[in-house]
Amino acid sequence: MPQKQKFMSLLDVLKNEKNQRQDDEKGVSTAILEKGGQATQAPIEPVQFDEESIPTMLNDVFAAAINHRASDIHFKPSENQFKIFFRIDGAMMEHQTLQADYHNPLIARIKILSGLRIDEHRLPQDGKTSFESTDGKQVDLRVSVLPTQFGEKVVIRLLEKNPQMVELRDLGMLPNILMKVERHLTATYGMVLAVGPTGSGKSTSLFSMISTFDAQAYNISTLEDPIEYKIPHVTQTQINTEIDFDFSDGLRTLVRQDPDIIMVGEIRDQKTASLAIESALTGHLVFSTLHTNTAVGTIQRLLNMEIDRFLITAAVKLIISQRLVRKICNNCREAYPVPQKYHDLFLKESTLDPKEAFLYKATGCEVCKNTGYKGRIGLFEVLEMSPAIEELIISGASHSDIEDQAVKEGMILLRKDALYKAATGDITIEEAIRAMA
Ligand SMILES: [Zn+2]
């Protein structure tokens, strides 16, 4: 156990440092804490660490994070406290407040586990490790250390080792949108794009689409960063920019591998965009993602990447713009009439009558661990290329002209989908409004 030994010696150093400091500053630190109103921690006693206390504590934090389905853990030092937060379903929740004494040993422990330098406190560091909970759940942990004015802040992203793939029909698409998407999955060429900000569920959507194909009947190849879901019989390649292996390099090789279906994790630059468009026009079904906020905005983004208008209209078949929001707990949710302050919003953005409609709130229960939320659901805006829209793009029409035409042809704006899902009890009005921003 070389790791433990390394840690213990560090612990001794910390103990000495701490005792020294407390002898020097005892009166001062107590005064600050009394003033700060830390009721739970007064009077302040120096923390006694034994060799197992820090590892056990950290394991408990990891286990709790998995149990709460957290996507990230934040270890955040402040002036005289040390707080641990979880990001759950996209929102930050406080998990624990600790005495500042815990900061150094816990951060040191994390650094040792993830192969980082424990004696480096001034530079950012990135590392990784993994963790298995007592009930057998395995997660990869991506560790990021940032020096701050109060010491190092650590954020750990939790990546489930074998995440459960979400079925296309369970993403939260309304039935007619789902039908539209399914129709495009029967095409033999063209491009399907999932767009939205980070954390909007784009890759989940792509994988749920790809998993509808028989992976033994087609040659399906992906380029990813990182590889999240592992799908049997699909050729998955990890992009590695550190060794100059980016999406465009991968794509250049993939097209020589006789593919039917190609997934490019993200289109970030002109080179990748133009290669992906070319692949889509030469008999491959191409799936990818872009960082844009609206379905129509994606067209402008491709134009900005110097992709020719004609090529865009010929290659792009479907653009799925999406957000991921917290689903209300349906065990403790309650309906209430739409408050007056939202009436205008409903009249403007939906076809629902606010006087007839209801909204939902959840007070918290056992099932949702008193948060009022359980799971997540997607909000969607799906643009289908049509002759009329092609013409508008080629003639250089504005964003709003293209959007108006798409709506005329049946596109449901994301704002409308959000309000609809608030009125059907899937989400709260607060989540709907947050997604509409
Ligand atoms: Zn509940």
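Q: Cysteine 332 and cysteine 365, buried or exposed?
A: Both cysteine 332 and cysteine 365 are buried. Keep in mind that this is a predicted model.

Q: What do they hold on to, and which atoms coordinate the zinc ion?
A: The zinc ion is coordinated by the SG atoms of Cys329, Cys332, Cys365 and Cys368, at 2.3 Å.

Q: OK, and what geometry does the site of the zinc ion have?
A: Tetrahedral, with angles of 107 to 111° among the four donor atoms.

Q: What spacing do the donors follow along the chain?
A: The pattern is C-x2-C-x32-C-x2-C. Cysteine 332 sits in the loop between β12 (316-328) and β13 (333-337), while cysteine 365 sits in the loop between β14 (358-362) and β15 (373-384), so this pair ties together parts that are 33 residues apart in sequence.

Q: Switching to the sheet: what's the strand order in the open sheet of six strands?
A: Reading across, β3-β2-β1-β6-β5-β4, with antiparallel pairing. β3 (91-99) and β4 (125-132) stand at the edges with a single partner strand each, so each has one side left without a neighbour in the sheet. From one strand to the next, the twist averages 20°.

Q: Which helices pack on that sheet?
A: Helix α2 (residues 53-67) does, touching β1 (70-77), β2 (81-88), β3, β4, β5 and β6, and its direction makes about 140° with that of β1. Helix α3 (residues 103-113) also packs on the sheet, touching β1, β2, β3, β4, β5 and β6, with its direction at about 45° to that of β6.

Q: Let's zoom in on β2. How many of its eight residues are buried?
A: Six, and that leaves β2 mostly covered.

Q: How does β2 pair with β1?
A: In the antiparallel sense, over seven bridges. Alanine 70 has isoleucine 88 in β2 as its bridge partner. The two strands, β1 and β2, form a hairpin with three residues between them.

Q: And on the β3 side, how many bridges join β2 to β3?
A: Eight, and those strands run antiparallel. Phenylalanine 82 stands opposite leucine 98 in β3. This hairpin of β2 and β3 has two residues between the strands, and aspartate 89 takes a positive phi near 50° there.

Q: What about β5 and β6, how many bridges join them?
A: There are 10 bridges between β5 (residues 138-148) and β6 (residues 151-160), and the strands run antiparallel. Across that pairing, aspartate 140 stands opposite leucine 159 in β6.

Q: Core packing next. How many residues are in the largest nonpolar core?
A: It has 37 residues, and those with the most contacts inside it are Met191, Leu193, Ile267, Val316, Ile319 and Leu383. Helix α7 (residues 270-281) supplies the largest share, five residues.

Q: What does isoleucine 267 touch?
A: Leaving out residues up to four places away in sequence, isoleucine 267 touches Met191, Leu193, Thr272, Ala273, Ala276, Ser288, Thr289, Leu290 and Met305.

Q: How many residues are in the second, separate core?
A: That one has 31 residues, including Phe82, Ile107, Val154 and Leu158. Phenylalanine 82 is the residue that stands opposite leucine 98.

Q: Last one: where does glutamine 405 lie?
A: In helix α12 (residues 399-408).

Q: Is that side of things covered up: is glutamine 405 buried or exposed?
A: Buried, with a relative accessible area of 18%; the cut-off for buried is under 20%. Glutamine 405 touches Ala388, Ile389 and Leu392, not counting residues up to four places away in sequence.

Technical notes:
Residues numbered from 1 in each chain as written. Predicted model: local features only at pLDDT ≥ 70, side-chain atom pairs only at ≥ 80, totals over all residues. Heavy atoms only, no water. Pairing = 2+ DSSP bridges. Helix = DSSP H or I, 4+ residues; strand = E, 2+ residues; numbered from the N terminus. Axes fitted to C-alpha atoms, helices over the stretch in contact; angles between N-to-C directions. Contact = heavy atoms within 4.5 Å. Core = buried A, V, L, I, M, F, W, Y, C linked by side-chain atoms within 4.5 Å. Buried < 20%, exposed > 50% of the residue type's maximum accessible area, 1.4 Å probe, protein only. Donors = N, O, S within 2.8 Å, 3.2 Å for Na, K, Ca; no water. Tetrahedral: all angles 85-135°; square planar, octahedral: opposite > 155°, others 65-115°.
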